[in-house]
Amino acid sequence: MATFETHYYPAVAASFAFFLSFFLYVSPWLSRRLSARYREMSHQKQLDWDTRTTSTLHALVVGPWSLYILLADIALNEDPVWNDSFAAKSCIAVTVGYTITDVFALTVYFRYIGDTAFLLHHFGTLYAFTYVLSYGTLPYFAVFRLFCELSTPFVNNRWFLDALNHPRMSKAFVGNGLLMTGSFFLVRIAVMPIYWYKVYTVVGTEPYHRLGFGPQFCWISVCLVLDILNVVWFRKMLRGAQKLLKKDDRRNATKDLNKNISRDQAQNQPLQTHNVNGKTHKSE
């Protein structure tokens with residue numbers, strides 16, 4: 001077992017300060033100037049808005065960064081359990097700082113936006129990622145879990161569109177819903193075989209045995225639970241997307257039917273005659 005280290009804790013503190021400042025000051029300031037709808041929202045909804053803008057910012061930073069690390073860091077791929085990757089641990093430190101910010105927001109404003117289940121999720125995330133930073137274990141698998149953040153902007157954008165009173169059947173809403181479902185599938189569901197194959201190649205090796213039973217159990221069990229939840233959430237998204245598509249098909253079919261009826265009525269309307277100045281005229 002490796003010794004306890006604090007090398008990346010300053011990066012965690014800097015990340016926390018940055019995201020907390022964004023949540024408390026930058027997001028409200030920008031949103032008031034860019035969105036008239038934001039200014040009309042209740043305090044509760046504004047808080048929810050600001051947590052989601054902060055979440056989106058974090059996802060836009062960490063999602064592409066973690067994907068790049070997975071693709072470019074050859075040493076990390078070769079030693080996924082104990083490699084001391086500066087890029088990987090820096091990325092994880094940023095996420096820990098953001099997660100502390102979100103815990104702060106959910107706790108301080110609990111009566112407005114508090115969610116016990118979400119807090120428990122965050123505490124589990126903090127435990128796992130701080131363990132990686134403190135003991136240098138499993139950096140590859142931690143970063144692999146982070147690139148699923150690539151789907152988060154679309155999830156948040158759905159809430160923004162709803163808050164801005166976009167119709168559920170608008171092109172923006174339907175398009176974002178499809179992108180949300182597609183991206184969620186690609187970065188959370190389709191990659192499961194890749195992730196678990198990597199786990200399979202590690203289990204039973206000397207680096208794996210060095211972890212000890214505690215980290216082994218927490219790693220495997222937590223990842224299993226997360227993947228089960230991802231499958232459940234994806235099924236819900238898929239059902240929602242199917243309902244939207246069916247509604248859109250029905251709406252288009254109704255429009256086509258109305259057009260055909262109008263055209264048929266115009267074509268089949270009987271000729272009428274009227275008398276003008278003693279002369280008979282025909283008109284449709």
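Modeller: Glu40 and Arg37 are three residues apart in helix H2 (residues 36-40), so about one helical turn separates them. The model in which they lie is a predicted one.

Colleague: What makes the pairing of Glu40 with Arg37 a salt bridge?

Modeller: The closest N and O atoms of Glu40 and Arg37 are 3.8 Å apart. A salt bridge requires a side-chain nitrogen of Lys or Arg within 4 Å of a carboxyl oxygen of Asp or Glu, so the pair qualifies. As a general point, side chains of opposite charge can pair when their charged atoms come close.

Colleague: Why is Glu40 called exposed?

Modeller: The relative accessibility of Glu40 is 59%, and exposed means over 50%; therefore the term applies. Arg37, its partner in the salt bridge, has a relative accessible area of 25%. That value lies between the limits of 20% and 50%, so Arg37 is partly exposed.

Colleague: How many salt bridges does the structure hold?

Modeller: The structure holds six salt bridges. Another of them joins Asp84 and Lys89, with the closest N and O atoms 2.8 Å apart.

Colleague: How do you know whether Lys89 is buried or exposed?

Modeller: Lys89 has a relative accessibility of 2%. Buried means under 20%, so Lys89 counts as buried. Asp84, by contrast, has a relative accessible area of 54% and is therefore exposed.

Colleague: What makes Arg168 and Asp162 a salt bridge?

Modeller: Their side chains meet at 3.3 Å, N to O, and the limit is 4 Å. Both residues are partly exposed: Arg168 has a relative accessible area of 43%, and Asp162 has one of 32%.

Colleague: Why is Asp73 said to have no salt bridge?

Modeller: Asp73 is buried, and the nearest side chain of opposite charge, that of Lys89, is 11 Å away. Since a salt bridge needs a nitrogen and an oxygen within 4 Å, Asp73 has none. Asp73 is found in the loop between helix H3 (43-72) and helix H4 (74-78). Leaving aside neighbours within four places in sequence, Asp73 is in contact with Tyr68 and Ser85.

Colleague: What makes the phi of Leu138 worth a remark?

Modeller: The phi of Leu138 is near 55°, a positive value in a residue other than glycine. Leu138 is found in the loop between helix H7 (116-135) and helix H8 (139-146). Its relative accessibility is 8%, so Leu138 counts as buried. Asn165 also has a positive phi, of about 65°, although it is not a glycine. Asn165 is found in the loop between helix H9 (152-163) and helix H10 (171-189), and its relative accessible area of 53% means that Asn165 is exposed.

Colleague: Which residues make the nonpolar surface patch?

Modeller: Tyr25, Val26, Trp29, Leu30 and Leu34 make this patch of about 550 Å². Val26 lies in helix H1 (residues 9-34). A patch residue needs over 30% relative accessible area; Val26 has 33% and is partly exposed, so it passes that limit.

Colleague: Why is the patch of Arg235, Lys236, Arg239 and Lys243 called positive?

Modeller: Lys and Arg count as positive, so these four residues gather in a patch of positive charge on the surface. Arg239 is placed in helix H13 (residues 213-268). Its relative accessible area is 45%, so Arg239 is partly exposed.

Notes:
Residues numbered from 1 in each chain as written. Predicted model: local features only at pLDDT ≥ 70, side-chain atom pairs only at ≥ 80, totals over all residues. Heavy atoms only, no water. Patch = residues over 30% accessible without salt bridge, like charges linked within 9 Å, V, L, I, M, F, W, Y side chains within 5 Å. Areas by Shrake-Rupley, 256 points an atom, 1.4 Å probe, with all protein chains shown as cover. Helix = DSSP H or I, 4+ residues; strand = E, 2+ residues; numbered from the N terminus. Buried < 20%, exposed > 50% of the residue type's maximum accessible area, 1.4 Å probe, protein only. Charge placed at Lys NZ, Arg CZ, Asp CG, Glu CD. Contact = heavy atoms within 4.5 Å.
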